[in-house]
Amino acid sequence: MELATRAVHAGRDDLVALGLHAVPLDLSTTYPARDTQAEAARLETLATGERIPGPPVYGRVGNPTVDRFEQALAQLEGCDDGVAFASGMAALTACLLAVAAAGKPHVVGVRPLYGTTDHLLASGLLGTSVTWATPETVRAALRPDTGLVIVESPANPTLATVDLRALADACGDVPLLVDNTFATPVLQRPAESGARIVLHSATKFLGGHGDVLGGVVATTEDFARRLRQIRFATGAMLHPLAGYLLLRGLSTLPVRMKASSQTAATLATRLSTHPAVAKVHYPGMGALVAFEVTGDPREVVGAVRLITPAVSLGSVDSLIQHPASLTHGVIDAESRADGGISDRLLRLSVGLEDVDDLWTDLSKALAIIEG
C-alpha cells in the first residue's frame, strides 16, 4: 500500500475485529492479576526489554495505546520495531545509554544538530564522548569503541542535507542514527538508505498540532529490545494520551506535509528576492525554511502577527524563531559557527495557512529591517 494509506491504517488493523472504529485509549497505570507468580515471571521478562503478549504489568513498563503508535511509526519508516519515549531527548538519551552500556561510549556527530542534542553529546553527561566530523571525515573518525554515528538531515536549523546512503556506507559496522524529525517518513525513510536507527521528536510533525510531547525510535528488533530495557529502568515512558494523539497525527501526516511543503517552497522563492534577506536555506523539500536577514533577526520575530513567534516546529500554524538565541543558544558561538549557524539566521516552520497571508505577515516584518 502507498504511504498515505498506511498512515491512515497503521496501528489500527485489528479494530474491525474488536468492533471498534476509534483507537482505544488505555489510561491505566497498573494492571490487576490474581496469579502473582505468573505476573512476577512476566515482569522479569519485560525487564529484559522483550515484547510479550497480554497487558503490561505497570504503566511505566508499557501501554497498549502506546504500543499501537510504536508499531505504526515503525511500519511507516520501514523498520522492525519502534520504541516511544516521553520526549525526543529522552529517546536520544536511551540510544546513547544503550551503546554506552554495550561498551561503545564513543559517538561521531555530524553538525549541525538540534542544539540540545549537540549540548548533550558535548557535555559527556551520560558517560559518552564525541568526535565532530563532516560527512566526508566520518570514516576516519571511527574508533573501536564507537557506538553511534549521529546525523540530522535535513539539519536543524540550516536544513543542510546529507547523502545518507554514502554516510551509512562510511559507517561500516557502526550503527547510523538519523534524526528524521524534519523530513518525516513522508519525505524520506533513512532505513532504506542503510540507517539502523531512525529518531523523531514526535512533538513536531508526527503530532502536528503543538499539543503533545514525545519521542520515538524506529529501529531493528535487537536495538528496540535494548531501548525497552533502558526505558523499563529509567521510566521515560510516553504517556498513553500522547500515544493516542500521536497515532491520530500519523493519519494526517502525509496531507499536512504535502500542503506545508508546497507553501514552504513558495515562500523560499519569494524570500530569495527580498532585499532584507541575505540568504535562503531550503533543500527543495519539507515544510521548513531558514533564511539569513540583513538586519537584526530578533526584530523580525517581534514584528510578526500571524506567524507564531515560538520554538518548536511542525504544527498546523506557522512558527518562527531565532536559533542562535533559543534552540541553539545552549551551545557556544564557536560550535554554532562550526555547524554553519549564523547569528542572523531565522527558522520558519510553515503551517497550513494561506501562502499569501503568510507572505503578507513576513513582508511587513521584514520591512522593519529593510535598508
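Residues 24 or more positions apart account for 71% of the contacts in the chain with a separation of 6 or more, where a contact means heavy atoms within 4.5 Å. What you have open is a predicted model, in which local features need pLDDT of at least 70 and side-chain atom pairs count only at pLDDT 80 or more, while totals for chains, interfaces and linings use all residues. Residues are numbered from 1 along each chain as its sequence is written, and side-chain values use heavy atoms, with hydrogens and water left out.

**The whole chain**

Begin with the chain in a cartoon view, which has 14 helices and twelve strands; these are DSSP runs numbered from the N terminus, helices (H or I) having at least four residues and strands (E) at least two. Of the 371 residues, 53% count as buried, a word that here means under 20% relative accessible area, with exposed meaning over 50% and partly exposed in between (1.4 Å probe, protein chains only).

**Arg 51 and its partners**

Next, select Arg 51, which is partly exposed at 31% relative accessibility, together with Asp 67, and you will find a salt bridge whose closest N and O atoms are 3.4 Å apart. A salt bridge is a side-chain nitrogen of Lys or Arg within 4 Å of a carboxyl oxygen of Asp or Glu. This pair links distant parts of the chain, since Arg 51 sits in the loop between α3 (36-46) and α4 (64-77) and Asp 67 in helix α4, 16 residues apart.

Is Glu 70 buried or exposed? Glu 70 is buried, because its relative accessible area is 0%.

**Arg 111 and Asp 118**

Move on to Arg 111 and Asp 118, whose side chains meet in a salt bridge (2.7 Å, N to O). Arg 111 is buried at 17% relative accessible area, and Asp 118 is buried at 2%.
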